[in-house]
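Thanks for coming. Please have a look at it first.

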Amino acid sequence: MSLQTLPKGLLLDFGGVIVNSEKPANWQQLVADEFLALVGSEPMVSRDRLIADITAGAVAAGLWRNAMSRPRHPKELDQHTYAMDFIAADWPEDARKTMESHYQQLCYLVSSTKEHRELREGITELLAWCNQIGLPVAVVSNAMCGQVHRDYLAEQGLSDYFVAELYSDECELRKPNPDFLHLGAQALGLSAADCWYVGDHLDRDVLCGVRAGIGGNVLMPSPGSAKRPYTVEVTADLVVATPKELLNEMRKYSV
């Protein structure tokens, strides 16, 4: 498809599009220490065991997420399952009960700590321009804990630029499930065909756009994106390096 006109709405991924992320080398230890401080004297495994299982859980969940780029309508891995099955599956029962009482806090800690986030070049200007011309924008993003992303956008003063923020843990489905983009478009009062979707992965984002019948599929590769384990037979309608470059392209269509 050749993009000829501006969309009626813009849907943005979070990681890789709004922000770039890097993993701190010691994030597992940071999570473990904060979680142990949170639970206090409640029954818990040792610090070393907790660090090891947080590490193993993250690896296992990453493999699961890669696999979930293959089904047509994948659901999201819920926080309870992540904490209880991917981390605490083999813990003593009293320690599992502690985890179950605090699994949401654990998932928030993991999501907020394992990624050091920085806004991508030009994202604030892109959002301000869309707001200026009356082009509605929504976030549609896979997330273990969408509240972390909400809090980050609020801290950066960007929340008001979005008509809606849709995160996979809250919607209980994940890209490349086309229903997710349909929900995002509906939040703008539009159809997917009226919107562009901007993501950083072919297998999760561009594929999702193709499945949903999105009006424009924009790929914005991120320097921090993990290498994908397999190829998919889809292509983007437009490839840009940064939000700044996307803004420059969109301005051409508005002339």
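Which residues in α3 meet which residues in α4? On the α3 side they are Gln79, His80, Tyr82, Ala83, Met84 and Ile87, and on the α4 side Arg96, Met99, Glu100, Tyr103, Gln104, Leu106, Cys107 and Val110. Contact here means heavy atoms within 4.5 Å. By class, this contact has nine nonpolar, three polar and two charged residues. For the classes, Ala, Val, Leu, Ile, Met, Phe, Trp, Tyr, Cys and Pro count as nonpolar, Asp, Glu, Lys and Arg as charged, and the others, Gly among them, as polar.

Before going on, a word on the source. This is a predicted model, in which local features need pLDDT of at least 70 and side-chain atom pairs count only at pLDDT 80 or more, while totals for chains, interfaces and linings use all residues. Residues are numbered from 1 along each chain as its sequence is written, and side-chain values use heavy atoms, with hydrogens and water left out. Helices (H or I, at least four residues) and strands (E, at least two) are DSSP runs, numbered from the N terminus.

Back to the helices. Two packed helices are described by the angle between their axes and the distance between the axes. Axes are lines fitted to C-alpha atoms, for helices over the stretch in contact, and angles run from 0 to 180 degrees between N-to-C directions. Helix α3, residues 79–87, packs with α4 at an angle of about 115°, and their axes are 9 Å apart. The crossing of α3 and α4 is right-handed; a crossing is right-handed if the near helix is turned clockwise from the far one by less than a right angle, and left-handed if anticlockwise.

Helix α4, residues 93–113, also meets α6, residues 146–155: their axes come within 8 Å and cross at roughly 50°. That makes α4 oblique to α6. As for the cut-offs, angles under 35 degrees are roughly parallel, over 145 roughly antiparallel, 65 to 115 roughly perpendicular, and the rest oblique. This crossing of α4 and α6 is right-handed too. Tyr108, Ser111 and Ser112 in α4 meet Gln147, Val148 and Asp151 in α6. Those residues divide into two nonpolar, three polar and one charged.

Now the interior. A nonpolar core is a set of buried Ala, Val, Leu, Ile, Met, Phe, Trp, Tyr and Cys residues joined through side-chain atoms within 4.5 Å. Buried means under 20% relative accessible area, exposed over 50%, and partly exposed in between, with a 1.4 Å probe and protein chains only. The largest nonpolar core has 30 residues, of which Leu10, Leu12, Ile18, Leu153, Phe162 and Leu246 touch the most other members. Helix α5 gives the most to this core, with five residues. Apart from it lies another core of 26 residues, including Ala61, Tyr82, Met84 and Met144.

Last, some single residues. Thr242 lies in the loop between β8 and α10, and is buried with a relative accessible area of 15%.
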